[in-house]
Amino acid sequence: MIKICIFKDNFIEFKLCIVQMYMYYVFVSLESYSLAVLAFDRLIAICFPLRQNAINTSTTMATIIAGIWTLCLSVTTASTTCLTYLSFCNSVQVNSYFCDYAPVFRLACNDNSLQWAFATVSTLVNVGIPLSFIVMSYTCILVTVFRMKSVESRFKALATCTEHLILVAVFYIPLFTIFVVGLFRVTINPDVRIVGLSLSSCIPPCANPIIYSLKTKELRSRAYFVLRRTFAFGKRSILPTSQKIKH
């Protein structure tokens with residue numbers, strides 16, 4: 001993608017196109033499920049606070065993560081492998097900023113009903129299931145929050161979900177719109193598709209480390225300690241040099 005965007009070299013071999021497509025959709029589907037896992041974490045923390053440490057164990061999370069990776073790799077492998085059965089005899093110009101799945105198989109000369117089926121299954125598995133789980137999780141969270149007697153407790157509980165809800169909206173609204181419209185075989189403007197996929201694939205992964213890592217008190221304290229120690233060491237290193245110059 002860097003080669004295409006910077007050097008304007010928009011030719012890519014078919015094998016490399018498949019690899020690029022595979023890597024893109026693997027990580028987009030992993031991002032989708034990671035948002036669902038974060039919703040699960042909020043669900044346990046708010047609805048079952050006393051059982052949070054018993055449920056969210058290292059074994060539980062490792063099992064969930066391993067299952068998600070296995071599912072995403074399997075579905076994406078099957079959907080991209082079936083593209084090798086297509087024949088391209090007319091235009092080979094892909095109307096996207098990368099080797100996007102639907103724009104590629106629509107260029108085929110032979111029957112692409114199998115690819116349509118895989119696109120439908122992939123959308124349901126990688127977008128529909130995580131989004132449905134997130135909606136159900138926040139439904140349970142809202143029910144639990146509105147049962148709280150203290151208004152302050154309600155705001156405090158909802159405040160912990162704000163960043164996650166913003167990421168969910170940024171990720172799923174463009175992606176869900178594009179994929180659902182595509183399922184009805186309605187042609188989407190290529191520029192709209194590019195903007196939507198760019199929003200979904202770039203902003204949430206960039207924001208995740210800031211929201212879920214740098215905002216934690218422990219990491220902020222550690223970063224402040226390292227910066228202060230580095231600055232103090234730099235001052236000590238400079239002082240002897242300046243004293244020598246003066247003498």
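The axes of helix 4 (residues 58-81) and helix 6 come within 10 Å and cross at roughly 165°. Helix 4 is therefore roughly antiparallel to helix 6; angles over 145 degrees count as roughly antiparallel, under 35 as roughly parallel, 65 to 115 as roughly perpendicular and the rest as oblique. The model is predicted, with local features requiring pLDDT of at least 70 and side-chain atom pairs pLDDT 80 or more, while totals for chains, interfaces and linings use all residues. Residues are numbered from 1 along each chain as its sequence is written, and side-chain values use heavy atoms, without hydrogens and water.

**Helix packing**

Helices here are DSSP runs (H or I, at least four residues), numbered from the N terminus. Axes are lines fitted to C-alpha atoms over the stretch in contact, and angles run from 0 to 180 degrees between N-to-C directions.

| Helix pair | Axes come within | Crossing angle |
|---|---|---|
| Helix 4 and helix 6 | 10 Å | roughly 165° |
| Helix 2 (residues 14-47) and helix 6 | 9 Å | roughly 15° |
| Helix 2 and helix 4 | 9 Å | roughly 150° |

With axes of helix 2 and helix 6 crossing at roughly 15°, helix 2 is roughly parallel to helix 6. For helix 2 and helix 4, the angle of roughly 150° makes the two roughly antiparallel.

Handedness is left-handed if the near helix is turned anticlockwise from the far one by less than a right angle, and right-handed if clockwise. Helix 4 passes helix 6 in a left-handed crossing, and the crossing of helix 2 and helix 6 is left-handed, whereas helix 2 passes helix 4 in a right-handed crossing.

Asn 126 lies in helix 6 and, at 9% relative accessibility, counts as buried; buried means under 20% relative accessible area, exposed over 50% and partly exposed in between, for a 1.4 Å probe and protein chains only. Leaving aside neighbours within four places in sequence, Asn 126 is in contact with Ser 29, Ser 32, Tyr 33 and Val 75. By contrast, Gln 93 is 33 residues from Asn 126 in sequence and 27 Å away in space, C-alpha to C-alpha.

Ser 137 is also found in helix 6 and counts as buried at 2% relative accessibility. Not counting residues up to four places away in sequence, Ser 137 touches Ala 39 and Leu 43.

**Aromatic pairs**

Rings of Phe, Tyr and Trp (its six-membered ring) pair if their centres lie within 6.5 Å, with planes under 30 degrees apart counted as stacked, over 60 as edge-to-face and the rest as tilted. The count by this rule is 7 aromatic pairs. The ring centres of Tyr 24 and Tyr 25 are 5.2 Å apart with planes at 80°, so this pair is edge-to-face. Both Tyr 24 and Tyr 25 are buried. Phe 105 and Trp 116 form another edge-to-face pair, at 5.2 Å centre to centre and 75° between the planes. This pair links distant parts of the chain, with Phe 105 in helix 5 (residues 101-105) and Trp 116 in helix 6 (residues 113-146), 11 residues apart.

Methods
Contact = heavy atoms within 4.5 Å.
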